[in-house]
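Welcome, and thanks for opening the viewer. Let us take a short tour together, one selection at a time.

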Amino acid sequence: MFEVRVQRHMFDLASEHARLAAIGPDVGAIVSFTGQVRDEPLELEHYPAMAERQMEELLAEARSRWPLKGALLIHRHGRLETGAPIVLVLTASSHRAEAFQAAAFLMDWLKTRAPFWKKDANGWVSARESDEQAASKWEDR
Amino acid sequence: MTVRLLYFAWVREQVGLGEEVVDAETPVPLGALLGQLQTLSPGHKQALADRTRLRAAINQNFAGWDTPVNAGDEVAIFPPVTGGN
């Protein structure tokens, strides 16, 4: 099961996790990452067609690097309150190392490649150099 | 020939439009198209003047300023992305 979703509504970690857990007997590790709104409410704008396409490509890249049994990438858009979940990454593999690494990779690349833009009370949030650096550490692998 | 333009985030706000269709002599390098767009309005000029602050995609794939734009392409211009958490 490999899937990407871009949605306005909330996601449910427990039910998504259960879907990966049910993939098959060779799944021995599932890693989940949830990103949530920090400090103040946000409005998240996105480019729908490109967002789905880039997220699909991220999954394909992760699959080419690690022997994953499944992965799920969900990114929300619209207005999100402080503490609201924004992004969910789930990876499933036979052993933990691949699941951990693939989840970290997916988040790092998502941040610099998926077309989403945050706006808070101070205006549009600027991209951070540290995110570029985090993404670039995966380039030569 | 026409090209479909999409703008996002503060680029959209400054241009004053989310989307428009423009006439262009294609193929045209993306950077040259950007120069042409700047002549459309003061908002376009303000939003598109400094390309170091901009990123672009052609048909939903990231593209550099030298990439040729062809008739019927969907070109998006936007700030560096800031998704995730």
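Predicted model: local features only at pLDDT ≥ 70, side-chain atom pairs only at ≥ 80, totals over all residues.

Now centre on Val11(B). Which residues does Val11(B) touch, not counting those up to four places away in sequence? Show Ala47(B), Leu48(B), Leu54(B), Ile77(B), Phe78(B) and Pro79(B), and you have them.

As a general point, nonpolar side chains in soluble globular proteins tend to be buried together.

Next, move to the place where the chains meet. Here 28 residues of chain A are in contact with 22 residues of chain B. Together the two chains bury about 2,100 Å², with 54% of it on carbon and sulfur atoms. Select Tyr47(A), Trp117(A) and Trp124(A): in chain A these lose the most area to chain B, together 31% of what that side buries.

To view a salt bridge, pick Glu13(B) and Lys119(A), whose closest N and O atoms are 2.6 Å apart. Between the chains, 15 residue pairs are in polar contact.

Stay on chain A and highlight the elements that give two or more residues to the side touching chain B: strand 2 (29-36), strand 3 (42-46), helix 2 (48-65), strand 6 (85-93), helix 3 (96-113) and strand 7 (116-120). Helix 2 of chain A gives the most, with five residues. By class, this side of chain A has 14 nonpolar, seven polar and seven charged residues.

Our last stop is Gln60(B), found in the loop between strand 4 and strand 5 (61-62) of chain B. Is Gln60(B) buried or exposed? Its relative accessibility is 15%, so Gln60(B) counts as buried, the cut-off being under 20%. Show Arg53(A) too: its side chain makes a polar contact of 3.2 Å with the side chain of Gln60(B). Leaving aside neighbours within four places in sequence, Gln60(B) is also in contact with residues including Tyr47(A), Ala49(A), Met50(A), Gln54(A) and Glu74(B).

Conventions: Residues numbered from 1 in each chain as written. Chains lettered and ligands numbered in written order. Heavy atoms only, no water. Contact = heavy atoms within 4.5 Å. Buried area = accessible area lost by both parts, 1.4 Å probe. Salt bridge = Lys/Arg side-chain N within 4 Å of Asp/Glu carboxyl O. Polar contact = N/O pair within 3.5 Å; in protein donor to acceptor, adjacent residues only side chain to side chain. Helix = DSSP H or I, 4+ residues; strand = E, 2+ residues; numbered from the N terminus. Nonpolar A, V, L, I, M, F, W, Y, C, P; charged D, E, K, R; others polar. Buried < 20%, exposed > 50% of the residue type's maximum accessible area, 1.4 Å probe, protein only.
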